[in-house]
Amino acid sequence: MAETSGNTQAPLDSSAPDSTSRKSSWKYIGPGIVVAATGVGAGDLVATLIAGSSFGYTLLWAAVLGCLVKISLAEAAGRWHLSTGRTLFEGWASLGRWTTWFFVGYVVIWGFVYGAAAMSSSALPLQALFPDVMDLKWWAVACGLVGLVFVWFNKYAVFEKVMTVLVGVMFVVTVYLAVRVTPNLGDAFAGLLPVLPDEKDSVLNTLGLIGGVGGTITLAAYGYWVNAKGWTNTGWMKVMRLDNRIAYATTGVFVVAMLFVGAELLHSANIALASGDKGLVQLGDILEDEYGTATAKFFLIGFFATSFTSLIGVWHGVSLMFADFVARYRKGDEARGEDVAAGRRERSWPFRAYLLWLTFPPIVLVFQGQPFRLVIIYGVLGAAFMPFLAGTLIWLLNSARTPREWRNGPLSNGMLAIAGLMFLVLCVKQIWDQPWADFF
C-alpha cells in the first residue's frame, strides 16, 4: 500500500501523479475472481439448491439481487482502500475502540470454528471420490495442511493464478450441470419477477437466500486483495469496479446454475436435499442415478474446487486482515504505510500466526466435534458481521475520512442501506433462533 503519514482523518490527495486513471481492461482482472471463488462455498450452493428444490424458479430474482447487494459492498470496500490509501481496519479503528473489540472477537472465534468447517467441507468430495483411501477426518486434516503450506509459501500472484484455475473448474461444472438438466427458460425468466412463495416465513427465507449469495468477511478482504494486486490509488478505480462486477457476474452464474439444478432435478421429482455440505454429496448420488457415474464424479470435482477455494481464500484474505490489525495495534499511526502491495504482510509473523490458528486448533474440532456454546457464539458473531460491515462502510464513505470525489452517491448509499437493513433482520432472526436456554 502506498505510504501515508499523519492524522488518520486526513485523506490522501487523489490528484497525485500516481493516481492517473487507468483504462479498465480484462487483462487486469484478478481480485474479483479471488473474492468470487472464496465467497461461494459449498453452503451457498446447498442453499441455492434447496431454494430451487423447494420453490422452483420462484426465487431466481432473489439470487440475482443477492449478487447486486454484494457488488455494492465489495465496491465500497475497494473504493475505501483506493481513495484513502488506508486499509479497512484503519477505517474501522477511526470509528472507535468498539470496532477493534468486535473484530478481535470475530476473527478469533469465527476462525476457530470456520477452520474446522472449511476442512470438513473440502474433505467430503474427496472421500466420495476416493472412499477407500482414508477416513473423512484425515481427509479434512490433509486439506487444512495443504491449504496452510500453499498460502504460507506463495505470494498473492501465485495464489490468484491457482484461484483462477479452480474458478474455471467451478464455472465449467456448474454450467454443464445447468445445461444437462435442461432448464425451462420460460419459467426461469418468469422467476426474475420479484414474487414471494406462498408459504410461512417466505420473507425470511428469501432474505436468507439474498444474504447467503457470495461471501461475508471475504467482502471485507476484497480491498486487501486489491492492494496485494498492486492497485493502491484512485487511478485503479475503474479497473477495480470492472473487476468487482465480473466477480459477481461469475457468482451469479454459479448460483443461477445451481438453482436450475435444484428446480429441474429436485423440485420436479419432489426430492428433499439435506441441509449443510452433505447435501452436495447426496446430490452426487442423485446425479449418478440420473446421468451416470462420469457426471457424478465431474460434479464432485467441482464440489471440491468450490470448497477448497473458500478454504485457501479465507486462509489468505483473513490472515491479511489480521496482520493489518496487529500492525495497527502495535504501532498506531506508524503502522500506516505497510507495503501491502509488495507482499511484506504475507511474510509477517501475524499473517502466519493466524494461518496456524485457522489450521491446527480446528483439527481438535474435526476429531471431537464442535462445542455447543462455541458454535452459538460463532453463529451470533457471523450473523452480526454483515450489518457491521454495511453500517461502517456507510459511515466511512459519507464522512471527511473519504475524499469528496469518492464519497457515496445516492445509489451506493441506497444499496448499502438496503444491505444493512436486510442483514440486520437476518442477524436478529439468527440470534432469536439460538437455543439460549441450553446455553446457560
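Helix H1, covering residues 31–39, is mostly covered, with nine of its nine residues buried. Those buried residues of H1 are Pro31, Gly32, Ile33, Val34, Val35, Ala36, Ala37, Thr38 and Gly39. Please keep in mind that this is a predicted model. The protein has 17 helices and zero strands, and 56% of its 440 residues count as buried.

**The whole protein**

- Among contacts with a separation of 6 or more, 86% come from residues 24 or more positions apart.
- The protein's accessible surface is about 17,800 Å², and carbon and sulfur atoms hold 64% of that area.

**Helices H7 and H11**

- H7 spans residues 156–180 and H11 spans residues 237–267; their axes come within 8 Å and cross at roughly 35 degrees.
- The crossing of H7 past H11 is left-handed.
- On the H7 side, the residues that meet H11 are Val167, Met170, Phe171, Thr174, Val175, Leu177 and Ala178.
- Their partners on the H11 side are Thr250, Val253, Phe254, Ala257, Met258, Phe260 and Val261.
- Sorted by class, this contact of H7 with H11 has 12 nonpolar residues, two polar ones and no charged ones.

**Alanine 249, also in H11**

- Alanine 249 lies in helix H11.
- Is alanine 249 buried, partly exposed or exposed? Its relative accessibility is 46%, so alanine 249 counts as partly exposed.
- Along the sequence, alanine 249 and cysteine 67 are 182 residues apart, yet their C-alpha atoms are 7.5 Å apart in space.

- Asparagine 233 sits in the loop between helix H10 (217–228) and H11.
- With a relative accessible area of 8%, under the 20% cut-off, asparagine 233 is therefore buried.
- A polar atom of the asparagine 233 side chain lies 2.9 Å from the backbone nitrogen of glycine 235.

**Tyrosine 106, in H5**

- Tyrosine 106 is part of helix H5, which runs over residues 97–129.
- Why does tyrosine 106 count as buried? Because its relative accessibility is 1%, and buried means under 20%.
- Setting aside neighbours within four places in sequence, tyrosine 106 is in contact with Gly111, Thr216, Ile217, Leu381, Gly382 and Phe385.

**Serine 412, in H16**

- Serine 412 belongs to helix H16, residues 410–433.
- Serine 412 has 15% relative accessibility, which is under 20%, so this residue counts as buried.
- Which residues does serine 412 touch, not counting those up to four places away in sequence? They are Glu75 and Arg79.
- With arginine 79, serine 412 makes a side-chain to side-chain polar contact of 3.1 Å.

Terms used. Residues are numbered from 1 along each chain as its sequence is written. This is a predicted model: local features need pLDDT of at least 70, side-chain atom pairs count only at pLDDT 80 or more; totals for chains, interfaces and linings use all residues. Side-chain values use heavy atoms; hydrogens and water are left out. Helices (H or I, at least four residues) and strands (E, at least two) are DSSP runs, numbered from the N terminus. Buried means under 20% relative accessible area, exposed over 50%, partly exposed in between (1.4 Å probe, protein chains only). Contact means heavy atoms within 4.5 Å. Accessible areas come from the Shrake-Rupley method with a 1.4 Å probe; for residues, only the protein chains shown count as cover. Axes are lines fitted to C-alpha atoms, for helices over the stretch in contact, and angles run from 0 to 180 degrees between N-to-C directions. A crossing is left-handed if the near helix is turned anticlockwise from the far one by less than a right angle, and right-handed if clockwise. Ala, Val, Leu, Ile, Met, Phe, Trp, Tyr, Cys and Pro count as nonpolar, Asp, Glu, Lys and Arg as charged, and the others, Gly among them, as polar. A polar contact is a pair of N or O atoms within 3.5 Å; within protein, one must be able to donate a hydrogen and the other to accept it, and residues adjacent in sequence count only if both atoms are side-chain atoms.
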